[in-house]
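Let's take a friendly walk through a protein model. Keep the sequence and the 3D view open as you read.

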Amino acid sequence: MISITEFQKIGVGLTGFGVFFILFGVLLYFDSVLLAFGNILFLAGIAVIIGLRRTFTFFFQRPRLKGTSFFLGGILIVLLRWPILGMALEIYGFVALFRGFFPVVFGFLGSIGNIPFLSLLFRKLGESNTNMV
């Protein structure tokens with residue numbers, strides 16, 4: 001089991017609140033204040049979880065500079081109160097930065113069906129959907 005420190009738990013909380021504020025800002029028709037606050041919390045949380053040096057080296061590696069520039073440029077555009085354009089740039093930058101992590105995430109989500117309670121739940125949901133068709 002991976003042990004995480006209290007400091008990293010704070011980072012997970014910051015990242016979670018950042019994602020919450022970003023989603024809430026999008027739901028409220030791209031409210032630029034909520035989006036900016038969410039972006040700042042998200043970046044602060046990532047920096048607290050993995051450390052400042054590792055965060056800097058992750059974002060500023062040569063192959064990731066394009067994604068980093070779009071992501072940070074999108075944050076800057078959101079801070080300048082152009083939220084729709086900024087979020088579009090951020091999404092492109094996020095996909096470019098974290099492209100290598102998507103197969104791992106999808107593999108994990110695919111294995112969730114092997115968990116005993118969830119597999120039973122998915123089976124019940126599948127049966128109820130086939131009866132409706």
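## About the model

This is a predicted model, in which local features need pLDDT of at least 70 and side-chain atom pairs count only at pLDDT 80 or more, while totals for chains, interfaces and linings use all residues. Residues are numbered from 1 along each chain as its sequence is written, and side-chain values use heavy atoms, with hydrogens and water left out.

The structure holds 1 salt bridge (a side-chain nitrogen of Lys or Arg within 4 Å of a carboxyl oxygen of Asp or Glu). Its partners are lysine 9 and glutamate 6, whose closest N and O atoms are 3.3 Å apart. The two sit 3 residues apart in helix H1 (residues 6-27), so about one helical turn separates them. Helices here are DSSP runs (H or I, at least four residues), as strands are (E, at least two), numbered from the N terminus.

How open are the partners? Lysine 9 is partly exposed at 42% relative accessibility, and glutamate 6 is exposed at 58%. On this scale, buried means under 20% relative accessible area, exposed over 50%, and partly exposed in between (1.4 Å probe, protein chains only).

## Annotated spans

An unreviewed UniProt entry gives the annotation "transmembrane region" to residues 12-30, 36-56, 68-89 and 101-122. UniProt positions follow the numbering used here, feature names are shortened, and annotations may be inferred rather than shown by experiment.

Residues 36-56 are 95% helix and 0% strand, with end C-alpha atoms 20 Å apart. For residues 68-89, the span is 86% helix and 0% strand, and the end C-alpha atoms lie 10 Å apart.

## The largest pocket

Which residues line the largest pocket? They are Val19, Ile22, Leu23, Val26, Asn39, Phe42, Phe71, Met87, Glu90, Ile91 and Phe94. H1, helix H2 (32-50) and helix H5 (83-97) each give two or more residues to this lining. A pocket is an open set of points on a 1 Å grid over the protein atoms alone, where a 1.4 Å probe fits, with protein on both sides within 12 Å along at least five of seven lines; lining residues have an atom within 4 Å of a point.

## Two loop residues

Most residues other than glycine have a negative phi. Tyrosine 29, in the loop between H1 and H2, has a positive phi of about 60° and is exposed at 77%. Arginine 81 has a positive phi of about 70°; this residue lies in the loop between helix H4 (65-79) and H5 and is exposed at 56%.
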